[in-house]
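Q: I would like to go through this structure step by step. Could we begin with the spaces inside?

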Amino acid sequence: MKFLVTGGAGFIGGNFVRYFLKNYKDDQLVNLDKLTYAGNLESLKDLEANPFYRFVKGDIEDSNFIGELFKTEKFDVVINFAAESHVDRSIDNPAVFLTTNIQGTYNLLQAARETNISRFIQISTDEVYGSLGPEGLFTEESQIQPNSPYAASKASADLICRSFFETYSFPVLITRCCNNFGPYQFPEKLIPLFITNLMEDISVPIYGDGKNVRDWIHVEDHCSAIDAVYKNGKPGEVYNVGSWQEKTNLEITDILLRELGKPDSLKKYVEDRLGHDRRYAIDSTKLEKECGWKPRFNFDQAIVDSIKWYRENEWWWRPLKGSS
Ligand SMILES: NC(=O)c1ccc[n+]([C@@H]2O[C@H](COP(=O)([O-])OP(=O)(O)OC[C@H]3O[C@@H](n4cnc5c(N)ncnc54)[C@H](O)[C@@H]3O)[C@@H](O)[C@H]2O)c1
């Protein structure tokens, strides 16, 4: 089998490439990535010689290039991670989110439909559901109510995926995951930003009152969830991916301060993010029941391991700090 992974030079895609090469011994993986500021081949340097792995530089917005690639490569499975992924950037400059996340996904779907693809997995996000009050969880039946340009672009891509299933019986499956953390995450995102700031005694910016809640999953659990959906999911279905580990931003900050032995004075409260969703929480019962998946990583241990990883891998993150 030949798999196309898009966005494999980014955080989750790169972790998925590693997961795949460890678990799928006889299958080929092509990693297609434009190498935006968020794409970094250094993350995959040790895999370059693997005969089952190949990198192709390219842009999912370029429909001619994508069409040709699909014709020549004859992929069996597509997993689409490629996206603009940072909410703050989408507030400052929404346009590229629409072209990459919507047009890019459409180009992949269209090219895949014209060739013989057995499965197309769209990597989406819980942010498409909007914000929750203090109670309740998002299920796959929850209304789609995206609030940021990022979330709206991902929701739009999900709807195009849905239409390809309903209209053409195209075998697309959608996963909607909560906030990820772990190795190789670009240091603009909360956890790696805070760890790398604190390591250097730089203050950490806390939006608003710091009480926004997210469900946090270790990236390897997200990878195993995608694998479970690939193996056991039903085309046309949506699967939520969560780890039942809700934390406020303040709780995360306190854990990081404690584990890194840093003072409270490094907390810096800043003006809240525009349209900041208050709470996300995900019910992944469907994935657990239908695909036999369970998260493996406990937040308290996994965060300690992540801190260790950023401590031991300064070579990876230091060139990226303030680089974009
Ligand atoms: N990070 C999270 O917590 C999270 C949670 C749920 C879902 N997701 C989704 O998972 C996917 C991956 O997220 P991430 O955090 O790894 O993102 P990331 O920003 O770290 O990586 C995105 C990758 O996509 C590539 N890319 C961007 N535009 C491209 C284009 N036009 N053509 C080809 N490649 C392009 C970038 O170069 C980069 O390597 C995204 O679709 C995101 O919406 C992320």
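**Cavities, a helix and some residues**

A: The lining of the largest cavity consists of Val87, Ile91, Glu127, Asn147, Ser148, Arg214, Arg273, Leu274, Gly275, His276, Asp277 and Tyr280. On a 1 Å grid over the protein atoms alone, a cavity is a set of points where a 1.4 Å probe fits but cannot get out, a pocket is an open set with protein on both sides within 12 Å along at least five of seven lines, and lining residues have an atom within 4 Å of a point. The model is predicted: local features need pLDDT of at least 70, side-chain atom pairs count only at pLDDT 80 or more, and totals for chains, interfaces and linings use all residues. Residues are numbered from 1 along each chain as its sequence is written, and side-chain values use heavy atoms, with hydrogens and water left out.

Q: How much space lies in the largest cavity, and which classes of residue line it?
A: The largest cavity holds about 50 Å³ of space. A volume here is the space filled by probe spheres set on the grid points, which are joined across faces, edges and corners. Its lining divides into four nonpolar, four polar and four charged residues. Ala, Val, Leu, Ile, Met, Phe, Trp, Tyr, Cys and Pro count as nonpolar, Asp, Glu, Lys and Arg as charged, and the others, Gly among them, as polar.

Q: How many cavities of 30 Å³ or more are there?
A: There are two of that volume. The second largest cavity contains about 40 Å³ of space. Among the residues that line it are Ala9, Phe11, Asn40, Tyr184 and Trp316. Its lining has seven nonpolar, three polar and no charged residues.

Q: And the second largest pocket, what lines that?
A: Its lining has 15 residues, and Glu140, Arg162, Arg176, Gly236 and Val238 lie nearest the centre. About 320 Å³ of space lies in this pocket. By class, the lining has five nonpolar, two polar and eight charged residues.

Q: Which element gives the most to that lining?
A: Helix α5 does, with four residues. Both α5 (149-168) and β6 (172-177) supply at least two residues each. Helices (H or I, at least four residues) and strands (E, at least two) are DSSP runs, numbered from the N terminus.

Q: New topic: is α1 largely enclosed or open, and why?
A: Helix α1 is largely enclosed by the rest of the structure, because 10 of its 13 residues are buried. Buried means under 20% relative accessible area, exposed over 50%, and partly exposed in between (1.4 Å probe, protein chains only). The buried residues of α1 include Phe11, Ile12, Phe16, Val17 and Leu21.

Q: What do they pack against?
A: The buried residues of α1 pack against β1 (2-6), β2 (28-33), β3 (53-57), β4 (77-80), β7 (179-181) and α7 (219-232). Contact means heavy atoms within 4.5 Å.

Q: Which residues touch the most other members of the largest nonpolar core?
A: In that core of 66 residues, they are Phe16, Phe70 and Ile79. A nonpolar core is a set of buried Ala, Val, Leu, Ile, Met, Phe, Trp, Tyr and Cys residues joined through side-chain atoms within 4.5 Å. A second, separate core has 27 residues, including Phe186, Ile191, Leu250 and Trp317.

Q: What about lysine 154, buried or exposed?
A: Lysine 154 is buried, with a relative accessible area of 5%. This residue lies in helix α5. Leaving aside neighbours within four places in sequence, lysine 154 is in contact with Ala83, Asn101, Gln122, Ile123, Ser124, Thr125 and Val128.

Q: And arginine 119, where is that?
A: Arginine 119 is in strand β5 (residues 119-125). It is buried, with a relative accessible area of 14%.

Q: Last one: what is the phi of lysine 74?
A: The phi of lysine 74 is near 50 degrees, a positive value in a residue other than glycine. Most residues other than glycine have a negative phi. Lysine 74 lies in the loop between α2 (63-73) and β4, and counts as exposed at 60% relative accessibility. Serine 169 also has a positive phi, of about 55 degrees, although it is not a glycine. Serine 169 is found in the loop between α5 and β6, and counts as exposed at 58% relative accessibility.
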